[in-house]
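Colleague: Hi! Could you walk me through this protein before class?

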Amino acid sequence: MRRLLSCAVLLIALLVPASAPALELTPDLSLPASKTVPPPGFSTSAQQVFEITKRQPEVRRLLAEHPEAQIQPSIHSGALWDVQVVGEGDRPLADLDIARDGRVLHVWTGIAAGSYMARGHHLPSFERPWVWLTFAVLFLVPFVDVRRLRRMLHVDLLVLLGGFGLSYAVFTNGHPDAGTLLFYPPLLYVLGRMLWVGLRRPPRAPRGRLVPHLPTAVLLVGVVALFGGRVALNLQTERIMDIGYASVIGADRVVHKQQLYQDNENHGDTYGPLNYISYVPFELALPWRADDGATDVPAAHAATLFFDLLTIVGLFLLGLKLRAGPEGRRLGLAMAWAWAACPITLLAVMDSTNDMLVSAMLVFALVAFRSAPARGALIGAAAATKFMPGALLLLIARGRGDEGRKATLTALATGIGIFLFAMAVYFPDGGLRELWNCTLGYQMDRVPDISIWAVNPDLDLLRKALEGAGLLLALAISVLPGRRSIGQIAALAAAITIVFQLPAGHWFYFYVLWFLPFTLVALFLPYRDTAAAEDAGDGDAEGDVVELGGVGLGRRLAA
């Protein structure tokens with residue numbers, strides 16, 4: 001069903017020819033020239049490696065369980081043998097690293113067979129206790145109210161911190177299958193909370209102070225210091241995630257007027273064109289050279305830090321939009337603090353991913369919410385960056401439900417227009433089929449690697465049911481009649497995002513960044529940093545009590 005919708009959108013894209021030959025990306029794996037003659041520098045042949053692989057106990061067990069499995073030896077970077085044991089549907093069953101002389105270096109099974117990210121200690125520099133523990137404590141400290149320890153916000157933040165933190169700790173310390181299964185309890189919790197906040201009518205009573213003990217000046221200095229720490233940790237981390245590396249290469253192709261999309265096995269072009277265009281200024285300032293490799297990509301560092309800063313600034317500006325005067329500044333600083341101190345967002349920063357670009361666009365869609373064309377354009381731009389935010393267009397375009405049909409149609413038309421224009425400009429020579437194979441088709445048809453669906457492929461029927469149910473739920477909560485506050489809209493946007501992530505064959509902690517800004521808005525807005533909120537206690541409020549742009553109402557309540 002998702003494929004049909006995606007095809008319907010892509011089919012109306014305009015054809016714009018590319019102007020230059022494509023830059024070839026050299027894969028790390030190559031096939032041996034002979035099965036019986038060792039490659040240059042090797043003392044073992046492909047046939048000998050085949051027999052060595054069959055003798056491994058883990059492989060013998062897998063071959064007994066999957067008699068259709070095939071053993072495929074390849075040469076990795078000219079340095080060693082990479083042997084893949086592949087089952088039905090190209091599902092990876094095992095992956096072996098074998099030295100040139102035939103010594104078995106590693107045998108990976110389970111989801112580690114299909115993803116290098118699952119092979120232990122994903123990012124050692126992040127896993128140092130003084131790094132993650134410092135940020136974890138700072139994530140909680142401003143929001144702990146020692147006089148109201150039972151307030152719901154404490155539970156919500158502990159789930160965001162502890163749920164995903166526990167999953168990552170298990171995942172990266174040699175138990176990737178168990179760590180993957182632990183993704184889902186916090187995801188389901190946040191989904192349930194966001195549906196509760198988004199669909200429940202918000203009472204008017206405030207829920208107490210959001211930041212009960214820290215003055216505004218401390219929040220400001222803390223946000224600046226946290227971002228400084230993120231910059232330092234990013235710059236001292238040499239490794240670049242493949243998505244950051246691919247984004248810079250795509251920007252290099254844009255700069256040199258080369259075809260952006262080409263249907264091959266590397267799939268560095270799987271994102272929307274605005275992802276690569278957004279990296280162009282950084283590629284121009286810090287050019288990438290093919291002989292630099294994937295460990296020397298300064299443009300990826302710079303882009304990640306800039307997009308991270310944009311998200312932090314956007315959250316602060318959003319606070320000013322949602323609350324009047326000093327209270328707006330405190331709300332904005334509180335959301336910026338939570339983002340900057342969150343260990344999961346720090347992991348993405350240290351890995352130099354491109355996920356902060358999506359977060360920044362979604363945050364500024366809320367900042368510009370009063371303008372139907374602006375909010376539609378920003379969601380369209382986010383969809384032309386990483387596709388999935390397009391699922392939010394109907395919800396965001398509809399606004400608060402009091403702007404009339406014209407505003408909704410304007411936002412929809414602007415968002416769709418931005419998306420189609422971006423796709424048309426970089427439409428490949430191979431037409432719609434090549435565009436589909438490179439982007440949405442690849443993402444949807446790839447063999448599950450890091451997800452519950454990879455741990456247990458027998459659940460594929462449940463996965464398909466979730467896809468259909470998720471689409472129906474997203475449509476239902478997008479068109480549900482009635483007037484909504486900005487807190488409810490943010491909560492429902494987070495819920496839709498999670499609904500589309502649950503059946504994904506590939507999920508990693510970076511995807512928390514796509515719904516975290518919405519979640520912070522939904523969780524923080526019920527709290528008021530005023531004397532009246534202090535007197536009101538914890539109350540029973542859920543959701544936003546002040547409409548976006550309601551400065552006058554904010555002043556009256558504050559008074």
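Colleague: Great. What is the average pLDDT?

Modeller: This is a predicted model, and the protein averages a pLDDT of 84. A score of at least 70 is reached by 86% of the residues.

Colleague: And where is the pLDDT below 50?

Modeller: Residues 1–27 are below 50, and in the model this stretch has 52 contacts beyond near neighbours in sequence. Residues 531–559 also stay under 50, with 75 contacts beyond four places in sequence.

Colleague: OK, new topic: which residues touch the most other members in the largest nonpolar core?

Modeller: They are Phe143, Leu210, Tyr509, Phe510 and Phe524, out of 144 residues in that core. Helix α24, residues 486–501, gives the most to this core, with 12 residues.

Colleague: What is Phe524 in contact with?

Modeller: Leaving aside neighbours within four places in sequence, the contacts of Phe524 include Phe143, Leu210, Leu331 and Met335. There is also a second, separate core of 16 residues, with Phe42 and Ile71 among them.

Colleague: Why would nonpolar side chains sit together like that?

Modeller: In soluble globular proteins, nonpolar side chains tend to be buried together.

Colleague: Now the second largest pocket: what is its volume?

Modeller: The volume is about 750 Å³. The pocket is lined by 32 residues, and Val447, Pro448, Trp453, Pro457 and Arg463 lie nearest its centre.

Colleague: Which helix gives the largest share of that lining?

Modeller: That's α23, with five residues.

Colleague: And how does the lining split by class?

Modeller: The lining of the second largest pocket has 14 charged, 12 nonpolar and six polar residues.

Methods:
Residues are numbered from 1 along each chain as its sequence is written. This is a predicted model: local features need pLDDT of at least 70, side-chain atom pairs count only at pLDDT 80 or more; totals for chains, interfaces and linings use all residues. Side-chain values use heavy atoms; hydrogens and water are left out. A nonpolar core is a set of buried Ala, Val, Leu, Ile, Met, Phe, Trp, Tyr and Cys residues joined through side-chain atoms within 4.5 Å. Buried means under 20% relative accessible area, exposed over 50%, partly exposed in between (1.4 Å probe, protein chains only). Helices (H or I, at least four residues) and strands (E, at least two) are DSSP runs, numbered from the N terminus. Contact means heavy atoms within 4.5 Å. pLDDT is the predictor's confidence in each residue, from 0 to 100. On a 1 Å grid over the protein atoms alone, a cavity is a set of points where a 1.4 Å probe fits but cannot get out, and a pocket is an open set with protein on both sides within 12 Å along at least five of seven lines; lining residues have an atom within 4 Å of a point. Grid points are joined across faces, edges and corners, and a volume is the space filled by probe spheres set on the points. Ala, Val, Leu, Ile, Met, Phe, Trp, Tyr, Cys and Pro count as nonpolar, Asp, Glu, Lys and Arg as charged, and the others, Gly among them, as polar.
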